[in-house]
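Dear colleague,

I am handing over the structure that I mentioned, and my notes on what was found in it follow below. Please read them with the model open beside you.

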Amino acid sequence: MSQFVTIQVGQCGNQIGSAFWPLTLHEYGIEYKNALLDILKIQRDHIKNIDALWDGFSSFFHVPDNTDNLCFKTVAELNAAKVKARAILIDMEDSVVARFQQGPLRGLFNTTCTVTNYPGSSNNWATGYYTHGIQYHDRIEEVIRQSVELCDNLNGFLLLHSVGGGTGSGLGTATLKMLYDSYPRVDRLVSCVYPAGTEDVVTAPYNMLLATRELIEYATCVFPVENRALLEICEAQLKNRENIDQANFNASCLPFQDMNSIVVNMLLHLTSGSRFPGNLNVDMSDLATNLVPYQKMHYIYSNVSPVALTAPKLLVTNGSKLQDVLFTNAWSRSNQLIKIHPLQPGSVVLSAAHIGRGQCSITGMKRNIERFQRKGKFTSWSKDSMKIGLCSVPPPGHATSLLCLLNTSAISSMFKNLIEQFTKLYCRKAHVHHYSKVSGFDEAQFLDSKEAISDLYGHYIELQNQKQRHISRLKIL
């Protein structure tokens, strides 16, 4: 089975990681909370071939060669077998990473794969990219090398970070460039969080612009997530009484843990085809080939259905009806992880993929994809070429689920908004001196980044307005 090295950078990246590893263990039927053991037994019995779970266990975990039994039931058994997560924890502020070292899963994380500092990157992309990127370059490179050497079949890197702060945007993209230079043939899959626009980081537009330029240059695929979209999903879930026991919501704080869980559920679904068997599996290496028609146009819209936060109970419904509902929800704007409208008038779908897990039939997939083709506008080459995936192992607590991935010109609205936010701040040269004083940074990078993003935006608009060419057949005289 394929293996992935997960790299968590910055406060946001490590907070997503704090939800990623418990939910990943949850998928394999391993839980450290005894209250859910009976539920887990129901979920495990629901899978026809339980051995299929353990075939993909090494995708995210390194198991020593002397371990004979892979059917772990508790975290204590994992610790006894010296199983380690394929995780690299990076943060220039050690408060979040410290929770991994003190929490119930602390035995899963190798202390040699942790890179921390104090007191952070001051919400400054240049500090994260240049100051810390250069200072910790050799250390991070060595940690990555150690993790890669423990892989027999490395499929890709999963990079988790935000683009609004300093460490996530700066050191996160510096790490991405490092991966590009050292492992150019290995996929670099990035899940990055874009701020909601109401954050208290006044320099966020600068950080987002500079980080986005690096993501365009060095990532294989980017799966952007917006805090605003996650908040709306959480609010909708909390209004549903059936899901109230799933939430980790506390009235005194924002539901960050639930927001992180939504991102994690998308990532677990995204990698399911590389970890579990299926009649029509989609390997992660297939995604870039099928979803990226032009170089640098690799921002992928994602929508997962259902979006139940932690799925504590098994949900089984009529198969055909449920599949139709899943597709409808997967195209719904209420479930999307980024606030764009891919089926809006004028936008075109450049490529698409639908990945089903569990009780999904090829007949139902075909019927619903035909519905989707009638809903949206496509380029001349993309309407009849839709990537389909069928993974036989469902997510915990559900009989089936669906992930919709679209490369759409509607993503250009995000780039346009990003340029507008940057221009509004930069026209007054506000806070620019904080970046200029960082060794290695040139103020011209602001305008270069803006130009690169503007060019990409123009390319999307060009494809959106492109008319289909009708070439008459050659006449043989």
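A word on terms comes before the findings: a residue is called buried under 20% relative accessible area, exposed over 50%, and partly exposed in between, with a 1.4 Å probe and protein chains only. Please keep in mind that this is a predicted model, in which local features need pLDDT of at least 70 and side-chain atom pairs count only at pLDDT 80 or more, while totals for chains, interfaces and linings use all residues. Residues are numbered from 1 along each chain as its sequence is written, and side-chain values use heavy atoms, with hydrogens and water left out.

Of its 477 residues, 56% count as buried. If a contact is taken as heavy atoms within 4.5 Å, then among contacts between residues at least 6 apart in sequence, 84% join residues at least 24 apart.

In helix 5 (residues 95-102), Val 96, Val 97, Ala 98 and Phe 100 are buried, and their cover includes strand 1 (3-9), helix 1 (10-27), strand 4 (87-91) and strand 5 (114-116). Strand 12 (residues 387-391) is largely enclosed by the rest of the structure, because four of its five residues are buried. Strand 12 runs parallel to strand 11 (residues 349-358), to which five bridges join it; two strands pair if DSSP finds at least two bridges between them. One of the residues involved is His 354, whose bridge partner in strand 12 is Ile 388.

The aromatic rings come next. Rings of Phe, Tyr and Trp (its six-membered ring) pair if their centres lie within 6.5 Å, with planes under 30 degrees apart counting as stacked, over 60 as edge-to-face and the rest as tilted; by this rule there are 35 aromatic pairs. Among them, Trp 21 and Phe 109 have ring centres 6.1 Å apart and planes at 80°, so this pair is edge-to-face. The pair links distant parts of the chain, since Trp 21 belongs to helix 1 and Phe 109 to the loop between helix 5 and strand 5, 88 residues apart. Trp 21 counts as buried at 1% relative accessibility, and Phe 109 is buried as well, at 8%. Both also belong to one aromatic cluster, whose members include Phe 4, Phe 20, Tyr 28, Phe 100 and Phe 276.

Finally, there are 11 salt bridges, each being a side-chain nitrogen of Lys or Arg within 4 Å of a carboxyl oxygen of Asp or Glu. Glu 27 forms one with Arg 275, the closest N and O atoms being 2.9 Å apart; Glu 27 lies in helix 1 and Arg 275 in helix 11 (residues 256-275), so the pair ties together parts that are 248 residues apart in sequence. Both of these residues are buried. Glu 27 also meets Arg 357 in a salt bridge (2.6 Å, N to O), and this pair links helix 1 with strand 11, 330 residues apart. In another salt bridge, Lys 339 joins Glu 232, with the closest N and O atoms 2.7 Å apart; here Lys 339 is partly exposed, at 23% relative accessible area, and Glu 232 is partly exposed, at 38%.

With kind regards

Note on methods. Helices (H or I, at least four residues) and strands (E, at least two) are DSSP runs, numbered from the N terminus.
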